[in-house]
Amino acid sequence: SLAGGLDREMAWQGTLEQLKLDKPRTFRLEAPASLKISRSGLKIGQAHLSAGKAQFHLDGFDLTPSEMRTAGHFNGLPVAMLGLPLRRDLHSDELLGGDWDIAATDTLNGHLKIWHESGTWTVENLTLTPTHASLDVTARNNRVEAKADLSLKNGSTLDLQFATQVARDAQAWTIPAASPLSLKATGRVTSLDWLGPLLLKDLDI
């Protein structure tokens with residue numbers, strides 16, 4: 001539900017009092033949030049939303065035809081809510097936390113950070129337990145760099161670094177075909193025993 005009205009410039013200003021969605025997932029607004037809708041765009045103030053265990057805290061969202069600015073943080077986000085194309089026999093009760101601060105104008109600047117809070121991954125009878133995992137994506141004047149690292153309870157580790165240049169095409173941000181790409185991966189596997197069941201299944205042996 002909404003509460004508010006039009007001002008002299010025919011912009012609607014008020015508050016979003018209630019919001020609840022049941023499909024595809026239960027999602028609700030925990031407290032009223034300021035809202036402005038005008039010919040020049042959409043602006044939302046601080047907001048607290050929940051989806052089961054997941055809690056989202058929006059510091060602000062400002063959208064106009066020429067720019068988008070948003071910031072906030074979240075915790076308790078089930079990895080299943082990300083809609084990743086996972087193999088059918090891969091299951092996880094992983095919970096994620098994160099924060100973001102993004103400004104997309106003529107150039108892209110900001111960051112997105114996601115980290116492991118709790119949970120495990122299971123494939124067949126194999127359980128992988130992360131002790132640390134994070135993804136850190138930063139953008140500075142259209143240059144995007146991403147760093148990901150993973151540490152498992154069995155001592156195995158993986159570190160990834162990725163960098164490229166993006167460009168704004170109409171209303172979308174894309175990676176032009178001519179943009180340079182760099183990718184670096186390093187890791188340590190303490191034992192190959194846990195890979196056996198996975199390799200045998202994938203190779204249909």
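Predicted model: local features only at pLDDT ≥ 70, side-chain atom pairs only at ≥ 80, totals over all residues.

Asn142 has its place in the loop between β15 and β16. Phi of Asn142 is near 80 degrees, a positive value in a residue other than glycine. Asn141 lies in the loop between β15 (130-140) and β16 (143-152) as well, and its phi, near 50 degrees, is likewise positive although the residue is not glycine. Are these residues buried or exposed? Asn141 has a relative accessibility of 54% and therefore counts as exposed, the cut-off for that class being over 50%. Asn142 has a relative accessible area of 12% and is therefore buried, since buried means under 20%.

In total, the structure holds three salt bridges. Another of them joins Arg69 and Glu67, with 3.2 Å between the closest N and O atoms. Here Arg69 has a relative accessible area of 39% and is partly exposed, while Glu67 falls into the partly exposed class at 23%. A further salt bridge brings together the side chains of Arg28 and Glu30, at 3.1 Å from N to O. Arg28 is partly exposed at 40% relative accessibility, and Glu30 is partly exposed with a relative accessible area of 33%.

Arg28 stands opposite Ser50 in β7, and two bridges join strand β4 (residues 27-29) to β7, the two running antiparallel. Strand β7 (residues 47-51) is mostly covered, with four of its five residues buried. β7 also pairs with strand β8 (residues 54-63), to which five bridges join it in the antiparallel sense. Within this pairing, His48 has His57 in β8 as its bridge partner. How many residues lie between β7 and β8 in the hairpin that they form? There are two residues between them, and Gly52 in the turn has a positive phi of about 65 degrees.

Strands β4 and β8 are also connected through aromatic side chains. A search of the whole structure finds three aromatic pairs. In the pair of Phe27 and Phe56, the ring centres are 5.7 Å apart and the planes stand at 35 degrees, so the pair is tilted. Because Phe27 lies in strand β4 and Phe56 in strand β8, the pair ties together parts that are 29 residues apart in sequence. Phe27 counts as partly exposed at 24% relative accessibility, whereas Phe56 counts as buried at 16%. Ring pairs link Phe27 and Phe56 with Phe74 and Trp100 into a cluster.

A separate topic is the open sheet of three strands, arranged in the order β10-β13-β14 with antiparallel pairing. Its edge strands are β10 (90-92) and β14 (126-128), each of which pairs on one side only. On average, neighbouring strands of this sheet are turned by 20 degrees against each other, direction ignored. Three bridges connect β10 with strand β13 (residues 121-123) in the antiparallel sense. Leu90 has Val123 in β13 as its bridge partner. Strands of a sheet pair through backbone hydrogen bonds, in either a parallel or an antiparallel arrangement.

The last part of the tour concerns the surface. Which residues make the nonpolar surface patch of about 570 Å²? Leu158, Leu160, Phe162, Ile175, Leu181 and Leu183 make it. Strand β17 (residues 157-165) provides the largest share of this patch, namely three residues. Ile175, in turn, is placed in the loop between β19 (172-174) and β20 (182-188). At 47% relative accessibility, Ile175 counts as partly exposed.

Definitions and conventions. Residues numbered from 1 in each chain as written. Heavy atoms only, no water. Patch = residues over 30% accessible without salt bridge, like charges linked within 9 Å, V, L, I, M, F, W, Y side chains within 5 Å. Areas by Shrake-Rupley, 256 points an atom, 1.4 Å probe, with all protein chains shown as cover. Salt bridge = Lys/Arg side-chain N within 4 Å of Asp/Glu carboxyl O. Buried < 20%, exposed > 50% of the residue type's maximum accessible area, 1.4 Å probe, protein only. Pairing = 2+ DSSP bridges. Axes fitted to C-alpha atoms, helices over the stretch in contact; angles between N-to-C directions. Phe/Tyr/Trp six-rings, centres within 6.5 Å; stacked < 30°, edge-to-face > 60°.
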